[in-house]
Amino acid sequence: MSKGSSLIKGTLILSGATLLTKALGTLFWLPFQNIAGDAAMGIYRQSFPFYSILLMIATAGVPITVSKLISQRLPAGDHAGANRVMRVSASMLSLTGLGGFFLLFFGSGVIARFVLDNPRTEPSLRVLSFALLIVPIMAVLRGYFQGHQKMMPTALSQVMEQSVRVLTMVAVTWWMVDQGNGPETVAAGATLGAVTGAAGGLLIVLLYRRGERVRHPISAEAMYQATVAEPFTGLSRRILRFAVPISLGSLVLPLINILDSVTVPRILLKSFDMSIGQAEILFGVYGRGEPLINLVATFSSALTLALIPALSFHLSRGENEAIRRKIPRAWLLTVVVSFPSAIGLAILAQPLNLMLYHNRSEAILTTATMIVTVQAFSSFFSTLAITNSGILQGLGYNRLPVRHLGVGAIVKVIGNMVFIPFLGITGSALAMLLAYMLVCTLHFRSVTRNTGLRINYRSLFVKPAFCTGVMATFLLAVLTAINHFAGPGMDRLANTWLTLLLSGFGFLIYTTALLLTGTIGEEEIRLLPMGALLCRLLTRYKLLRPTGGSFS
């Protein structure tokens with residue numbers, strides 16, 4: 001197999017695994033909230049960002065760095081040197097993971113009481129700390145195999161980790177609720193999934209590593225020579241020099257979640273006459289829109305995985321015209337998926353809440369509907385931000401997305417302080433909307449400035465907006481008529497059927513409008529998975545022009 005085809009195969013394998021794990025992680029929230037309730041969900045969401053940020057500090061950047069350093073040694077046949085990189089990295093991350101464990105386990109009381117201002121998060125923080133002993137080693141081994149251009153171990157490890165995590169969380173949550181445990185205990189039980197999932201993912205890469213040692217043994221003499229050639233201190237410094245900048249970039253999004261965990265419940269308690277338990281419930285309700293937004297962003301994440309290496313390839317060969325063609329098509333694909341998704345989520349916010357979540361009262365339902373509606377609009381800007389971040393990284397501007405997200409984080413915190421006292425928990429959703437609008441604008445400005453591209457507003461926004469308007473008109477008309485003549489009320493089954501039917505009809509109407517107006521063409525569809533097959537089918541039924549694209 002050629003190097004190019006091997007790279008494409010590896011990218012497809014990792015892309016598929018990433019999409020599957022994102023879907024599993026997103027869908028987990030639905031049974032968890034229905035079984036445990038909003039209070040347990042709020043405690044979980046408040047605790048998890050601290051684990052995430054310590055995990056980023058302990059591991060972020062290392063898999064990429066390890067794969068880079070190993071891939072540099074393999075062309076010369078230096079397998080002992082590649083093994084040396086893996087061992088030194090494993091030693092370093094074992095220490096950082098151990099440090100993170102001690103900090104989170106023994107500092108959980110301080111974090112819970114003085115940082116989060118919620119003692120009920122302490123059990124969850126302690127359980128999460130044990131995952132920090134496992135994940136760093138797993139990250140090194142994933143990077144080791146990626147350096148060998150073997151993506152299957154990483155892909156299977158990711159799927160195993162997420163599958164075991166979700167199964168553990170759902171099973172333990174159901175058992176603990178059945179035993180009559182309180183929200184803080186249930187949330188702590190759910191966090192056990194992070195530990196068992198990490199153990200499952202580590203097992204996969206350890207099995208692959210064991211098989212490789214049997215098939216390709218390295219002599220003790222070769223390992224000794226590699227140790228002499230690259231002492232621990234020098235190699236560890238080189239690893240850190242590559243890994244630290246990547247780690248800093250990876251810290252931004254977990255930092256935003258931590259800032260929410262610290263500020264949102266505290267502002268609610270100070271601004272309104274409510275208990276900690278009520279604030280936990282509202283913070284849990286705030287998290288309802290996250291799985292839906294993540295599903296919309298999954299498309300953009302998948303597009304980015306393919307976009308970064310493609311742009312890097314064209315850049316290395318000086319193919320500027322190819323870059324100028326691909327970027328507008330990536331923008332268009334993101335808009336035609338995210339814009340109708342955002343509007344559809346906003347219109348169907350109430351029936352979706354009734355379909356997916358357990359609602360204790362009409363007041364909770366009203367609050368959740370308003371939050372999901374605002375978050376739906378933010379999903380449009382967040383998906384565009386993800387795509388543009390991938391474009392900037394593919395063009396070599398790695399620091400710009402980090403700076404823009406940092407500005408967004410500041411806007412989010414200020415927005416929380418300004419809007420929550422007046423709008424309650426919905427103010428936090430509004431702050432997120434403004435933050436993503438700003439990040440998206442900054443990303444767009446950087447891309448256009450560094451490429452010289454001009455945005456074709458008619459093709460990129462006006463035509464998709466028209467198609468979305470057709471769909472939205474249909475949805476609003478049908479939903480208004482149903483609510484007037486035979487409203488489903490709070491009935492869960494009726495709202496489930498209503499949501500599924502309207503979503504299906506909305507999809508058909510929007511897709512037909514896209515094709516008939518020529519908003520997307522053959523070139524855009526060919527960028528999608530199984531794009532060639534879709535083009536043949538649509539051309540056969542005369543829904544697609546056989547040549548050209550909307551940016552031709």
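Me: Which residues does Tyr51 touch, not counting residues up to four places away in sequence?
Reply: Contact means heavy atoms within 4.5 Å. With residues up to four places away in sequence left out, Tyr51 touches Leu104, Leu128, Ala131, Leu132 and Val135. This is a predicted model, where local features need pLDDT of at least 70 and side-chain atom pairs count only at pLDDT 80 or more, while totals for chains, interfaces and linings use all residues. Residues are numbered from 1 along each chain as its sequence is written, and side-chain values use heavy atoms, without hydrogens and water.

Me: Which residues have the most contacts inside the largest nonpolar core?
Reply: A nonpolar core is a set of buried Ala, Val, Leu, Ile, Met, Phe, Trp, Tyr and Cys residues joined through side-chain atoms within 4.5 Å. Buried means under 20% relative accessible area, exposed over 50%, and partly exposed in between, with a 1.4 Å probe and protein chains only. Here the largest core has 57 residues, and Phe32, Tyr44, Tyr51 and Leu104 have the most contacts inside it. Helix α2 (residues 38-59) gives the most to this core, ten residues. Helices (H or I, at least four residues) and strands (E, at least two) are DSSP runs numbered from the N terminus.

Me: How many disulfides are there?
Reply: A disulfide is a covalent bond between the sulfur atoms of two cysteines. The rule applied is a pair of cysteine sulfur atoms within 2.5 Å, and the count is zero. Cys440 is buried, at 5% relative accessible area, and Cys467 is buried at 0%.

Me: Why is helix α13 described as largely enclosed?
Reply: Eight of the eleven residues of α13 (residues 276-286) are buried, so the rest of the structure largely encloses this helix. Among the buried ones are Glu280, Phe283 and Tyr286.
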